[in-house]
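Subject: Structure for your files, with notes

Hello,

Here is the structure you were going to look at. My notes on what was found follow below.

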Amino acid sequence: MHFYTYDGSFEGLLTVIFEAYERKAWPDQIGKEGETPPGIFAEHHFIPADEAKAKRVWEGLGKKLSKAAWENVYKAYLWEQPGFEMLIWQFVQLVFSSQQEGIEENFAEPCVQKMAQVGKQMFREKHRMEAFVRFQCTQDGLYVAPIQPDFNVLPLIVTHFEKRYADQQWLIYDVKRQYGAFYNGQFVELVSMEDGAPAFQKIDLPRDILSGVEPLYQQLWQAYFDHVNIPERRNKKLHMRHMPKRYWKYLTEKKPRIQTHQPIQNKQLPTGLARLN
């Protein structure tokens with residue numbers, strides 16, 4: 001029984017795949033460095049990451065897969081659910097052993113079917129995070145958005161925000177995985193707070209680090225949301241489908257009201273306009 005471990009990086013996982021082929025010893029299990037082998041008779045192989053070997057595997061996959069299926073291999077790594085390493089290995093092994101084109105569409109293979117499901121889950125989480133992220137302005141002018149996604153989609157959403165908010169500095173920080181993407185006005189770099197800064201342990205930022213006008217802006221947004229709401233057209237089932245409750249923690253409009261707002265009572269059209277209708 002062969003138990004391979006790696007440093008946890010995507011390059012490290014691709015290096016494991018390269019080494020398995022080079023040694024002709026297929027892995028029975030793959031885990032991160034420090035994990036205990038599954039049995040006393042398992043052969044433990046720690047494989048250090050090698051950029052050149054990882055690149056050869058990655059480029060080899062790119063030649064045999066469509067762009068979407070190729071990207072799904074990386075998305076399966078970001079998926080992080082138990083057994084994702086072996087899922088990737090099984091899929092890669094199938095791709096390299098197959099002589100036919102379009103192997104990613106052979107859904108009779110369990111690993112192909114699962115990879116497609118993972119791709120859909122990651123796309124859905126990415127899309128929702130892009131829609132529901134809310135930035136808060138700090139005292140030093142940095143716009144910060146703490147997030148806590150089910151899957152590690154931060155690397156997938158960076159490009160969206162880099163294009164949309166290119167004129168300001170921002171930080172999207174994953175409080176679950178304790179790292180973030182910082183945009184300095186020119187490029188994005190991945191960062192991690194030293195000793196897990198207390199301000200970045202929760203979704204809600206402490207008020208003492210926010211700018212003085214941030215609470216006012218939040219209150220104005222809540223007032224706008226309340227006033228455009230039409231109670232008679234409320235559809236709770238549809239609302240929950242498009243905005244699942246687990247995302248409400250990001251939304252300013254879903255937070256407790258600092259000040260309650262009453263609907264505008266004079267929504268009738270002026271008499272002259274009413275006649276025109």
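Leucine 216 lies in helix α7, which spans residues 214-228. This is a predicted model, and everything below should be read with that in mind. Leucine 216 has a relative accessible area of 46%, so it is partly exposed. Together with Val213, Tyr217 and Leu220, Leu216 forms a nonpolar patch on the surface. The accessible area of these four residues together is about 410 Å².

The sheet

Five strands make up an open sheet with mixed pairing, in the order β4-β5-β6-β7-β8. The edges are β4 (136-137) and β8 (188-191); each has a single partner strand, so one side of each is left without a neighbour in the sheet. Helix α6 (residues 154-164) packs on the sheet, where it touches β5, β6, β7 (179-183) and β8. The direction of α6 makes about 20 degrees with that of β7.

Strands β5 (residues 143-147) and β6 (residues 170-174) pair in the parallel sense, over five bridges. Strands of a sheet pair through backbone hydrogen bonds, in either a parallel or an antiparallel manner. Alanine 145 has isoleucine 172 as its bridge partner in β6, and isoleucine 147 has aspartate 174.

Is β6 enclosed or open to the outside? Five of its five residues are buried, so β6 is largely enclosed by the rest of the structure. In a regular strand the side chains alternate between the two faces of the sheet. From β6, Trp170, Ile172 and Asp174 point one way, while Leu171 and Tyr173 point the other way.

Salt bridges

Side chains of opposite charge can pair when their charged atoms come close. The count of salt bridges in the model comes to twelve. One of them joins lysine 53 to glutamate 19, with the closest N and O atoms 2.5 Å apart. This pair links distant parts of the chain, as lysine 53 is in helix α2 (residues 51-64) and glutamate 19 is in helix α1, 34 residues apart. Lysine 53 is partly exposed, at a relative accessible area of 22%, whereas glutamate 19 is buried, at 9%.

Arginine 177 forms a salt bridge with glutamate 80, and the closest N and O atoms are 2.8 Å apart. Since arginine 177 lies in the loop between β6 and β7 and glutamate 80 in the loop between α3 and α4, the pair ties together parts that are 97 residues apart in sequence. Arginine 177 counts as buried, with 18% relative accessibility; glutamate 80, with 35%, counts as partly exposed. Arginine 177 also forms a salt bridge with aspartate 174, where the closest N and O atoms are 2.8 Å apart. Both arginine 177 and aspartate 174 are buried.

There is also a network: salt bridges that share partners join Glu19, Arg23 and Lys53.

Two backbone angles to check

Glutamate 80 has a positive phi of about 65 degrees although it is not a glycine. Its loop runs between α3 (67-79) and α4 (84-97). Lysine 24 is another non-glycine residue with a positive phi, near 55 degrees. Lysine 24 is placed in the loop between α1 (10-23) and β2 (29-32). Lysine 24 is exposed, with a relative accessible area of 69%.

Which residues does histidine 45 contact, leaving aside its neighbours within four places in sequence? They are His2, Phe3, Tyr4, Thr5 and Arg23. Histidine 45 is placed in strand β3 (residues 43-46). Its relative accessibility is 14%, and the cut-off for buried is under 20%, so histidine 45 counts as buried.

Serine 9 is found in the loop between β1 (2-6) and α1. Not counting residues up to four places away in sequence, serine 9 touches Ala49 and Tyr77. Serine 9 and tryptophan 26 are 17 residues apart in sequence, and their C-alpha atoms are 20 Å apart in space.

Regards

Key. Residues are numbered from 1 along each chain as its sequence is written. This is a predicted model: local features need pLDDT of at least 70, side-chain atom pairs count only at pLDDT 80 or more; totals for chains, interfaces and linings use all residues. Side-chain values use heavy atoms; hydrogens and water are left out. Two strands pair if DSSP finds at least two bridges between them. Helices (H or I, at least four residues) and strands (E, at least two) are DSSP runs, numbered from the N terminus. Contact means heavy atoms within 4.5 Å. Axes are lines fitted to C-alpha atoms, for helices over the stretch in contact, and angles run from 0 to 180 degrees between N-to-C directions. Patches are made of residues with over 30% relative accessible area and no salt bridge: like charges are joined within 9 Å, nonpolar side chains (Val, Leu, Ile, Met, Phe, Trp, Tyr) within 5 Å. Accessible areas come from the Shrake-Rupley method with a 1.4 Å probe; for residues, only the protein chains shown count as cover. A salt bridge is a side-chain nitrogen of Lys or Arg within 4 Å of a carboxyl oxygen of Asp or Glu. Buried means under 20% relative accessible area, exposed over 50%, partly exposed in between (1.4 Å probe, protein chains only).
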